[in-house]
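Take this model one contact at a time. Keep the viewer open and follow along.

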Amino acid sequence: MKIDVYSHLIPPKLKDLMFEKQKTIRELQTNSSLYDLDTRFRIMDRYPDLVQVLTVPGATPDDLAGPEGALDLSRRINDELAALVDKYPYRFAGGVAVLPVSNIDASLKEIDRAVNELKLRGILLRIPINGKPVDRAEFFPLYEKMSALNLPIWFHPHKSPKVPDYPDEAESKYIIWHLWGLVVESTVSMTRLVLSGVLEKFPKLKIIVHHCGAMVPYFSERIVNHYNQSEMRNKTNFTAGLSEPPVEYFRRFYTDTALIGNTPALMCAYHFFGADHLLFGTDSPFDSQLGDYGTKRTIQAVEEMAISEEEKKKIFEMNARKLMRLPV
């Protein structure tokens with residue numbers, strides 16, 4: 001079995017609401033695999049051993065409904081995700097809950113409901129969280145809760161096209177905000193959690209980072225060198241309170257294989273994170289063929305990795321089962 005831990009779906013019953021609030025995002029409106037189950041299943045039928053974990057793309061409940069309506073919308077989204085998993089257990093291995101993160105108390109209650117009643121398998125946080133860095137103390141209760149539940153947090157990066165790459169321009173050109181901005185945001189958020197001591201404070205915290213670890217595995221020696229420079233370390237005190245070298249905390253993250261192929265890059269992530277922290281994920285259906293292209297390319301790339309069949313099985317299936325506490 002191949003468990004796709006990072007597959008996106010817009011709950012069909014809420015499609016019109018989510019589209020109305022995101023009119024400028026053409027890809028959401030034109031990619032029918034995002035919301036039409038028949039289209040989605042036709043793609044999945046080409047891979048008979050494939051099941052998906054459902055994550056909601058685009059704006060958060062707070063973005064869509066404002067702080068006043070975010071809890072109600074979160075509950076509606078989570079209810080529909082759970083209903084889809086219950087109705088199609090051989091298609092969907094699980095769903096990932098969304099939260100009204102502008103209200104932490106309400107978020108904690110919704111986590112309990114989503115996990116204990118709806119049987120969703122973790123939470124999705126769009127980073128930055130409501131425009132704030134992930135290491136703010138106000139989010140610690142979420143980390144504490146998920147550590148106690150022993151379930152993962154999916155990080156999904158966000159950048160706005162309205163934020164220019166240069167100060168004398170009005171917006172980001174050439175889709176740079178999406179092509180490179182997302183992996184930069186993930187890398188920044190990982191670094192904030194490491195250097196702030198959040199991962200030291202919550203050693204059982206399990207976070208799934210999108211896009212194969214972003215920049216981290218490919219610049220791991222830069223991380224080592226950067227924080228080993230005695231002059232920089234002494235001036236900034238970056239590593240105060242950490243019981244291990246910073247790079248070791250980066251290895252604690254889990255990540256997917258969502259690179260639309262690219263076996264050499266997967267091998268780089270494998271060497272950095274290890275087979276136990278790498279999970280099959282496609283970013284479906286965000287590709288040029290409604291999810292087929294990315295799924296096919298990602299499966300091929302994992303199969304071509306120079307690792308044992310046992311480790312490939314971990315990446316394709318067993319790591320997801322263990323992390324999400326799915327039955328074997």
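Start with a charged pair: R252 forms a salt bridge with E244, and their closest N and O atoms are 2.9 Å apart. A salt bridge here is a side-chain nitrogen of Lys or Arg within 4 Å of a carboxyl oxygen of Asp or Glu. R252 has a relative accessible area of 24%, so R252 is partly exposed. E244 is partly exposed too, with 33%. The scale is simple: buried means under 20% relative accessible area, exposed means over 50%, and partly exposed lies in between (1.4 Å probe, protein chains only).

A word on the ground rules. This is a predicted model, where local features need pLDDT of at least 70 and side-chain atom pairs count only at pLDDT 80 or more, while totals for chains, interfaces and linings use all residues. Residues are numbered from 1 along each chain as its sequence is written, and side-chain values use heavy atoms, with hydrogens and water left out.

How many salt bridges does the structure hold? The count is 18. Side chains of opposite charge can pair when their charged atoms come close. One of the pairs is D79 with R113, at 2.9 Å from N to O. D79 lies in helix α4 (residues 61-87) and R113 in helix α5 (residues 104-117), so this bridge ties together parts 34 residues apart in sequence. Helices (H or I, at least four residues) and strands (E, at least two) are DSSP runs, numbered from the N terminus. D79 counts as partly exposed because its relative accessibility is 34%. R113 stands at 10%, so R113 counts as buried.

Back at the pair that opened the tour, R252 and E244 meet at 2.9 Å. Elsewhere, salt bridges that share partners join R75, D79, E110 and R113 into one network.

Another bridge spans a longer stretch of sequence. R46 pairs with D292, with the closest N and O atoms 3.0 Å apart. R46 sits in the loop between α3 and β2 (50-55), D292 sits in helix α14, and the two are 246 residues apart, so distant parts of the chain are linked. D292 counts as buried because its relative accessibility is 9%.

Stay with helix α14. Helix α14 (residues 292-303) packs against helix α15 (residues 309-324) at an angle of about 150°, with axes 10 Å apart. The two helices are therefore roughly antiparallel to each other. On the α14 side, I299, V302 and E303 make the contact; on the α15 side, K312, I315 and F316 do. Contact means heavy atoms within 4.5 Å. Axes are lines fitted to C-alpha atoms, for helices over the stretch in contact, and angles run from 0 to 180 degrees between N-to-C directions. Under 35 degrees counts as roughly parallel, over 145 as roughly antiparallel, 65 to 115 as roughly perpendicular, and the rest as oblique.

Past α15 comes R325, in the segment after that helix. Its phi is near 55°, a positive value in a residue other than glycine. R325 is at 42% relative accessibility, so R325 counts as partly exposed. N262 also has a positive phi, about 70°, and is not a glycine. N262 lies in the loop between β7 (254-256) and α13 (263-273). With 41% relative accessible area, N262 is partly exposed.

Now the loop between β8 (278-279) and α14, where S284 is placed. Is S284 buried or exposed? S284 counts as buried, because its relative accessibility is 5%. Leaving aside neighbours within four places in sequence, S284 is in contact with D4, Y6, S7, H8, Q52, G291 and T295. A cis peptide bond joins S284 to P285, with omega about 0°. A cis bond also joins I127 and P128, with omega about -5°. P128 lies in the loop between β4 (123-127) and α6 (140-149).

Helix α3 (residues 37-44) holds T39. T39 has a relative accessible area of 11%, so T39 is buried. Not counting residues up to four places away in sequence, T39 touches S32, S33 and L290.
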